[in-house]
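I opened the model to look up a handful of local features. My notes follow in the order in which I took them.

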Amino acid sequence: MKIICPSNDAVKRLIKPCDYHKDVHLSKYCLRIPCMEGELFYNNLSHELILLDEEEKNNYLNNQKLKEELIDHLFLVNEDDETKRVNEFKNIISLFNRKKDLNKFVIFPTTDCNARCFYCYELTRKRIHMNEEVAKDVANYIIKKNNSNKISIQWFGGEPLYNYKAIDIISDILNEKRINFNSTMVSNGYLFDEELIDKAVNKWHLEYVQITIDGTEELYNATKAYIYKDPSPFKKIINNMHLLLEKGIRVEARLNMDNRNVDDLNILSDQLLSEFGKYNNFTIYTRLLKDFGHKIHEFNSIKEALDNYEKLQNKLLASGHGQIHYVQKEYQYNQCMADDDGSITILPDGRIGKCEHESEENLIGSIYDESFDEEMIKSWKDSIYIEDCNNCFLYPNCILLKKCAWNIDGCDMYRQEALINIKNKILAEYNRYKKDSILKEL
Ligand code: SF4
Ligand code: SF4
């Protein structure tokens, strides 16, 4: 038995293996994937990945030493009700999400945008900029609330750069007061230039930008429908990505996929990998373009969509720059910012929320209030539990919030996508392991 990815510490410390002498069976959280050298076993509770060779995979119940190892590593279990044990573990882990310091702020400098993507969920929402006064008040609010060593800011919107003056004001005040902070941004990247990037590095402490690119030049320009009379915003984005990467900022390209652009994304991914493959700080991933009910745009069937998604994702992972979101090594105690006590969103008028996709409803207060709506905060933590969870391979890591707009139609789509992500992640880890082994032998 070879360990490719070790178990996470929390599981190792908190879950005891069963008695070696009891009858055992394979855990229902174990996923098996055949590979060249035998079979990969992945444990979705501990996130441990092991490799058994041909002989081992066929005889693990008859080989006492191996059997004991597999019990120790929680691949073999004795319980009929594994869910109970996972629930106890989840309850302990959830204690980590109690009363953490407030240190993550998702700030909307504006809800307005310089692009008009047809799929944007914010198209019908109010478009407002954060004014100078509110920006100063936001900075002072952060200083007042901060009692941790370092704070993280995510600039969100709208297009955050469309009102970069608010970012300047907030950053200037935080810097003057010597607050230790870094920032990330979700942006279309259009408004960056050399001067702004220098400012982003030195004043905003920007470390990461996510930029969505939905097609090659012609399709991208048509999809984004920028408000400017620029013949090719695509060229400007590509140039800006170079500038950001050169300055050491991590740039992640997000490719939104629907039936319109499957072939085009294949060409685009080649272009981007050849253009940016030399940068270690460049990453790339794809997501299926969905509305909040997980309804996929345009595809004839969910299977067709998932097959195309898997194909492109595999290619990106194989390039060494691919990223899979939502599969984490560490044990998750929350779904996202919405059920994390350490995070809030701040809207352009100073109202405060829990979810970056909610700018109108389900808010919890304002920077001008003394306290939050605790009932609303609590309601953001309610997670889905249905009968299927008892036998779902994903259950140990699944925290789907009832209030999250992505979950309004249940979890079917999430389940299928998550399974693809986990399988791809396993194969990527296996390939990394094989590469390392070859290098060691040289
Ligand atoms: S994916 Fe659905 S069925 Fe599976 S654990 Fe999560 S909520 Fe339950
Ligand atoms: S949309 Fe859902 S996953 Fe995203 S921040 Fe909001 S609650 Fe979290």
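Which residue forms a salt bridge with Glu133? I found Lys136, with the closest N and O atoms 3.9 Å apart. I count a salt bridge when a side-chain nitrogen of Lys or Arg is within 4 Å of a carboxyl oxygen of Asp or Glu.

**Ground rules.** This is a predicted model, in which local features need pLDDT of at least 70, side-chain atom pairs count only at pLDDT 80 or more, and totals for chains, interfaces and linings use all residues. Residues are numbered from 1 along each chain as its sequence is written, chains are lettered from A and ligands numbered from 1 in the order in which they are written, and side-chain values use heavy atoms, with hydrogens and water left out.

**Salt bridges.** I searched the whole structure and got 21 salt bridges. Glu133 and Lys136 both sit in helix 5 (residues 132–145), 3 residues apart, about one turn of the helix. Helices (H or I, at least four residues) and strands (E, at least two) are DSSP runs, numbered from the N terminus. Lys136 is partly exposed at 31% relative accessibility. My classes are buried under 20% relative accessible area, exposed over 50%, and partly exposed in between (1.4 Å probe, protein chains only).

I then checked Asp258. Asp258 forms a salt bridge with Arg260, and the closest N and O atoms are 3.1 Å apart. Asp258 is buried, at 0% relative accessibility. Arg260 is partly exposed, at 36%.

Next came Arg432. Its salt bridge is with Glu429, at 2.8 Å between the closest N and O atoms. Arg432 is partly exposed, with a relative accessible area of 35%. Glu429 is buried at 10% relative accessibility. Arg432 and Glu429 are 3 residues apart in helix 13 (residues 412–441), so about one helical turn separates them. I also noted a network: Asp168, Asp172, Lys199 and Lys203 are joined by salt bridges that share partners.

**Glu159.** I looked for a charged residue without a partner. Glu159 is buried yet has no salt bridge. The nearest side chain of opposite charge, Lys224, is 7.4 Å away. For charge, Lys and Arg count as positive and Asp and Glu as negative, while His and the chain ends are not counted. What does the side chain of Glu159 reach at 2.7 Å? I found the backbone nitrogen of Asn188. That is a polar contact (a pair of N or O atoms within 3.5 Å; within protein, one must be able to donate a hydrogen and the other to accept it, and residues adjacent in sequence count only if both atoms are side-chain atoms). Leaving out residues up to four places away in sequence, Glu159 touches residues including Thr110, Asp112, Cys113 and Ser187. Contact means heavy atoms within 4.5 Å.

Glu159 lies in the loop between strand 8 (151–155) and helix 6 (164–176). Gly158 lies in the loop between strand 8 and helix 6. The peptide bond from Gly157 to Gly158 is cis, with omega near 15 degrees.

**Helix 3.** Which residues of helix 3 (residues 64–72) are buried? I listed Leu66, Lys67, Leu70 and Ile71. At the start of helix 3, a side-chain oxygen of Asn63 comes to within 3.2 Å of the backbone nitrogen of Lys65.

**Positive phi.** Just after helix 3, Leu74 has a positive phi of about 65 degrees. Leu74 is buried at 7% relative accessibility. Ala225 is not a glycine, yet has a positive phi of about 45 degrees. Ala225 is in the loop between helix 8 (217–224) and helix 9. Ala225 is partly exposed, at 32%.

**Ile197.** Ile197 is in helix 7 (residues 194–202). Ile197 is buried at 1% relative accessibility. Its C-alpha atom is 7.6 Å from that of Leu243, 46 residues apart along the chain.

**Domains.** Bounds come from an automatic or database domain assignment. I recorded domain 1 (1–80) and domain 2 (81–434). Their centres, taken over C-alpha atoms, are 34 Å apart. In contact are 29 residues of domain 1 and 29 residues of domain 2.
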